[in-house]
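Student: Can we go through this model together? I'd like to start with confidence and then move on to the inside of the fold.

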Amino acid sequence: MLWPDPTVDVWFLLLLVTAHLEQTKVMENGGVKRGIVIKDEWPGYSLNLFTYPEHYHEDIENVYIPHGLIMNRIERLAHYIMEDFWDNKIMVLCVLKGGYKFCADLVEFIKILGRNSNRYLETRVEFIRYKSYLNDQSTEDLHIVGNTDLSFLRGKCVLVVEAMVDTGKTMQALLKHVQTFEPRMVKVAGLLVKRVPNMAESLTDYVGFEIPNRFVVGYALDYNEYFRDLNHICVISKSGKTKYKV
């Protein structure tokens, strides 16, 4: 592990976080679809300020979204979901592989909120896997891996949980497939929504962060199956892309 420089003052770290949040805009209630907006010029945090697997030292440029900020935002999303689904059982459809950490943490926060209130939201989690990226390029096609039968969604209130949504073409195809099984209601939670032409903002009901069009890894997001073990969301370096390219 690489440890932060011990000479870095704790208050300086707090100022960095404060400055980062000042560069973002949180859209609540009616504007919740935008989540926390990270501006194009956001440079990320120095790697020296965080711990991460040492073998990735040359493969990532910076820590783009620290793990603690990710978790706090997910907890807030859990509040939104509790408010919308509070009187229903919820069927969570986790999109693998990139969405598994987001889904696990989101469901755990929903359970914690339920235990600490009189509104316990019963959740059942199912999984679907599709592949839509080759290296760092989206194929924009829906290639479901494994069983395509989602008949267990019929009549259910469904929450689709996805780690990354960009143009939304793949998500649109997935939602069209889901709707063929006649669920009662479908909402989408996306941890990250990329700011790209024709971005899929209207497809996502709960958004963690709106980010620039940069290729990020970590927190289960991968580049050819690498980097899923990073706790933070990081920007991959050019050397990292070259090293792990297929």
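Student: What kind of model is it, and how are residues numbered?

Tutor: It is a predicted model, in which local features need pLDDT of at least 70 and side-chain atom pairs count only at pLDDT 80 or more, while totals for chains, interfaces and linings use all residues. Residues are numbered from 1 along each chain as its sequence is written, and side-chain values use heavy atoms, with hydrogens and water left out.

Student: What is the mean pLDDT of the chain?

Tutor: The mean is 84, and 79% of the residues reach 70 or more; pLDDT is the predictor's confidence in each residue, from 0 to 100. Over residues 1–32 the pLDDT is below 50. That stretch still has 48 contacts in the model beyond near neighbours in sequence, a contact being heavy atoms within 4.5 Å.

Student: On to strand S9. Is it mostly covered or mostly open?

Tutor: Mostly covered: 9 of the 9 residues in S9 (residues 157–165) are buried. Buried means under 20% relative accessible area, exposed over 50%, and partly exposed in between, with a 1.4 Å probe and protein chains only. Strands (E, at least two residues) and helices (H or I, at least four) are DSSP runs, numbered from the N terminus.

Student: Which strands does S9 pair with?

Tutor: S9 pairs in the parallel sense with S4 (residues 90–96) over 5 bridges, and 8 bridges join S9 to S10 (residues 185–194), also parallel. Two strands pair if DSSP finds at least two bridges between them. Val92 stands opposite Leu159, and Val160 has Val188 as its bridge partner in S10.

Student: How does the chain get from S9 to S10?

Tutor: It passes through helix H4 (residues 169–179), in a right-handed β-α-β crossover. Right-handed means that, with the strands pointing away from the viewer, the path from the first strand over the helix to the second runs clockwise.

Student: What does Val161 touch?

Tutor: Leaving aside neighbours within four places in sequence, the contacts of Val161 include Val92, Cys94, Cys103, Leu106 and Ala189. Val161 lies in S9 and is buried, with a relative accessible area of 0%. Val161 and Val92 are 69 residues apart in sequence but 7.0 Å apart in space, C-alpha to C-alpha.

Student: Which residues touch the most other members of the largest nonpolar core?

Tutor: Ile65, Leu106 and Leu192, out of 58 residues. Such a core is a set of buried Ala, Val, Leu, Ile, Met, Phe, Trp, Tyr and Cys residues joined through side-chain atoms within 4.5 Å. Helix H2 (residues 67–85) gives the largest share of this core, 10 residues. A second, separate core has 19 residues, among them Val95, Leu153, Leu175 and Val178.

Student: Different topic. How many disulfides are there?

Tutor: A search of the whole structure finds 0, where a disulfide is a pair of cysteine sulfur atoms within 2.5 Å. For Cys94, the nearest cysteine sulfur is that of Cys103, 3.9 Å away.

Student: Are those two buried or exposed?

Tutor: Cys94 is buried at 0% relative accessibility, and Cys103 is buried at 3%.

Student: Last one: what is the strand order in the open sheet of 3 strands?

Tutor: The order is S3-S13-S12, with antiparallel pairing. S3 (60–65) and S12 (216–217) each have a single partner strand, so one side of each is left without a neighbour in the sheet. S12 is joined to S13 (residues 233–236) by 2 bridges, and Val216 has Val235 as its bridge partner.
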